[in-house]
Amino acid sequence: MDKHPNPAEQEHTRGRERARYRPQEIEPKWQRFWLEHKTFRAQVDHTKPKYYILDMFPYPSAAGLHVGHPEGYTATDILARYKRMRGFNVLHPMGWDAFGLPAEQYAIETGTHPRITTARNIETFRRQIRSLGFSYDWDREISTCDPEYYRWTQWIFLKLYERGLAYLADVPVNWCPALGTVLANEEVIDGKSERGGYEVIRKPMRQWMLRITAYAERLLAGLDQLDWPENVKEMQRNWIGRSEGARIRFRLCHPDGTPLPEEDAFFDVFTTRPDTLFGATYCVLAPEHPLVDRITTPEQRAAVEAYRQEAMRKSDLARTELAREKTGVNTGGYALNPATGRAIPVWVADYVLLTYGTGAIMAVPGGDQRDWEFARRFGLPIIEVVQGGDMDKGAYVGDGPHVNSGFLDGLNVEDAKNRMIAWLEEHGYGERTVTYKLRDWLFSRQRYWGEPFPIIYVDGRPKPLRPEDLPVVLPEVESFKPTGTGEPPLAAVTSWVETVDPETGKPARRETNTMPQWAGSCWYYLRFIDPHNHERPWDADKERYWMPVDLYVGGVEHAVLHLLYARFWHQVLYDCGLVSTPEPFQKLVNQGMILGFSYRYYEDQQGRRYSYREVQKVSQDGLEEPRYVLAADPAVVLAVRYVPVDQVQWRDEVPYHPEDPQLELEPQTDKMSKSRGNVVNPDAVVAEYGADALRCYEMFMGPLEQVKPWNTRSVAGVYRFLSRVWSLFITDTGDLCPQIVADDPDPQASLTRLYHKTIKKVTEDIEGMRFHTALSALMVLLNEMQKAERIPRTIAEGFVLALSPFAPHLGEELWQRLGHSDTLAYEPWPTYDPALARDTVVTIPVQINGKLRATIAVAADADEATLLTAARANEKVQSYLQGRTVRREIVIPGRLVNFVVAEEGGGR
């Protein structure tokens, strides 16, 4: 057990000034103590129940933490401290998701090696996190860019490769020439890179892919076993996008319906509505579809090629935007509708994606609104297939009897689906199938700062390295700039690229792409279990003891990609027999975002400034961002500008521009960002109010999962609460307050009862992660303790223990001042007597015909007869019942009394 610093060795100046609550002195003292004594070191202990609590580890950016980051960390720390006091063996680690594009971009711009930038950023993050008193086991700190770590990331890739889950393919990707890398769809906005706003084009490139689609069904099924927010599970279900339907083959043909003779002259489509096949009047191929070149007639080739080039400059998200106007070009080619035997035209259109389904669709304008809009625009036939709509107004997607559908006529949708699939299978035109919106994972990046692949090319073919040849370490490079040809920076390091096969001695070339940032975060929770193991990524016995993660806390922005990728890797490792649980994270909680106040104005191209009162907002079709114009002259388009929070000038509680005293600013709550000038650095808050005040304020703002606006001035209120706690225990001269006595608590005393109620509520609220109401209960108890002439020591100590997960530095200091030599980190959690925690008197609402008319105070265990007697004795109730007939009396003990009476005048 860790011992407190010896009070005799601590010099305490006796005097009012010295005895004030001074978090700037208390907090560094206890942070040093916890670090030096390794207070929160976790080791396997089979005599205790385990509790693995994990934060989504941060990417160490140059900006450091802002006050939004510690919200989730504080919540997990409260639970970690509480669980230790409840006798659990707690694993609570922290590390760094350290690979990533920002550090590489900074290297390109400044020449500073990403390793140096990342190390500097990690140092800042570590200092800031330690200053907040989180009870991490720092002996387990890891960084994904450490070769000793990514050695095992490479090792896991080899496991994926061995099982046929990693493969090379030519795929169309979002290529950004300026950044020199492939971007995910989410990183492309309106055809430009999210970072830097550079142009992005679509181009085919040879890439490493991970076959996550092989696990689609298991990833779906596993969600049912997880204690996760339902919205997150639904987001993953939608991302996986399971669909049942049919795969239908369309043969290429001449305009008269004569099939082309070649065996491979066909394409397949997947549809969830095979029953509408009789209404398919045209087909659409994705611009990248390999059949486009073959099917396009000479007359249409120029138009088709121009359209394909235009499509290359659009992201998948922009191409599939429902609100945008549909575009397309006729190829001049035809395909045979297998149901009607007629030739139908084949078009190319960018709303069809090669990476979704088969890259081809059958278009049924009578049953799909998107197809209907396309057909109306280009004059294509529209056939009603299900009765119930008006084809002149739009497609009909509801149920009803089929029409114009041959052998399906008169059937409802479900019966018609089954009949059509049976017909397709009987005639060899298609088959029942299940498909997924989920695509295989594009796993290559054309950049330097990432994990090298453990792959070499021997005689032009990929070959995996042996585990003993790992890690493949990143070489030093002269330039981090992209080559502009698609070749990564590593390709320029000839001495590294050209190597020999360690197994055969043959000449070989290394893979020059690197893994995406997601790779290291897919398994870091496993490395935390055994971070110093040099023989294997983790010890099997330790994994069986600690896994699964009992609580995982992080932002909802990671609901799909990170969590889905990590689940995929974990399920593969489970199939390899390397982990003991089928899922990694049993319970997930998403903390709400903390917003910052920003103050904005508007500016025209000449630099003239305008207040928000002079501006009009104009919505833009298909775009999330509105446009701002001058209300007096809508032709003048304005740009949004921000004034940093610390530069805003205030007069009469109104914000003004610092250089234009008459320009009133528009206050907004936005996501914290440097561009909006609304980032609040926790260092400044800690310097003024202390880490305990920051922690408590972040929890007191409201429910953990809710979005909440930050207000630095409100931290002062929580600081005053902690100062009052200090003053309750410590006199002006620095001694323990004489009101704290060794007497046993009087069970009948109101303070004793309130104490037991408070401990009960704080216990239940921490378990339920309702930290704001737990703090409220502690504040109420403090008020009553301040009024008391005598405070039994057991109540005083129990209060300190209950407060300590929220304000650990203050808790430790008061625990020491109460005469204890051990840290309170492992003290038993205070208990409560259920009998004393119950209310002896409760307030019961009394209703007349369901409307509240009065309240009565009765014993908590009052029976129905007692409740009715008390209700009838109430003067307000008597006035409502006078002269009226009571038809029914409804009594729910402990809840309510309701009199159902006839209306005045004898009505029913």
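Trainee: How do I describe the way helix α22 and helix α23 pack?

Mentor: Two packed helices are described with two values, the angle between their axes and the distance between those axes. Keep in mind that this is a predicted model. Here, helix α22 (residues 750–767) and α23 have axes that come within 8 Å and cross at roughly 165°.

Trainee: Are α22 and α23 roughly parallel or roughly antiparallel?

Mentor: An angle over 145 degrees counts as roughly antiparallel, so α22 and α23 are roughly antiparallel to each other. As for handedness, α22 passes α23 in a left-handed crossing.

Trainee: At what angle does α21 pack with α23?

Mentor: The angle between α21 and helix α23 (residues 771–787) is about 40°, and their axes are 11 Å apart. That is why α21 and α23 are called oblique to each other. The crossing of α21 past α23 is left-handed.

Trainee: Which residues lie nearest the centre of the second largest pocket?

Mentor: Those are Y599, V645, D646, V680 and T712, out of a lining of 25 residues. Sorted by class, the lining has 13 nonpolar, 7 polar and 5 charged residues.

Trainee: Which helices and strand each supply at least two residues of that lining?

Mentor: Look at β22 (594–603), α19 (682–689) and α21 (712–729). On the domain level, domain 2 (596–678) and domain 3 (685–817) each give at least three residues to the lining of this pocket.

Trainee: What domains does the assignment give for the protein?

Mentor: It gives domain 1 (242–436), domain 2 (596–678), domain 3 (685–817) and domain 4 (841–901). Between the C-alpha centres of domain 1 and domain 3 there are 66 Å.

Trainee: Now the backbone. What should I expect there?

Mentor: Most peptide bonds are trans, and most residues other than glycine have a negative phi. So exceptions to that pattern are worth a look.

Trainee: Where is a cis peptide bond found?

Mentor: One joins L470 and P471, with omega about 5°. You'll find P471 in the loop between β17 (461–464) and α14 (494–497). Another cis bond runs from M547 to P548, where omega is near 0°. P548 sits in the loop between α17 (540–546) and β20 (551–554).

Methods:
Residues numbered from 1 in each chain as written. Predicted model: local features only at pLDDT ≥ 70, side-chain atom pairs only at ≥ 80, totals over all residues. Heavy atoms only, no water. 1 Å grid on protein atoms, 1.4 Å probe; cavity = no way out; pocket = protein on both sides within 12 Å on 5 of 7 lines; lining within 4 Å. Helix = DSSP H or I, 4+ residues; strand = E, 2+ residues; numbered from the N terminus. Nonpolar A, V, L, I, M, F, W, Y, C, P; charged D, E, K, R; others polar. Domains from an automatic or database assignment. Axes fitted to C-alpha atoms, helices over the stretch in contact; angles between N-to-C directions. Parallel < 35°, antiparallel > 145°, perpendicular 65-115°, else oblique. Left-handed = near helix turned anticlockwise from the far one by under 90°.
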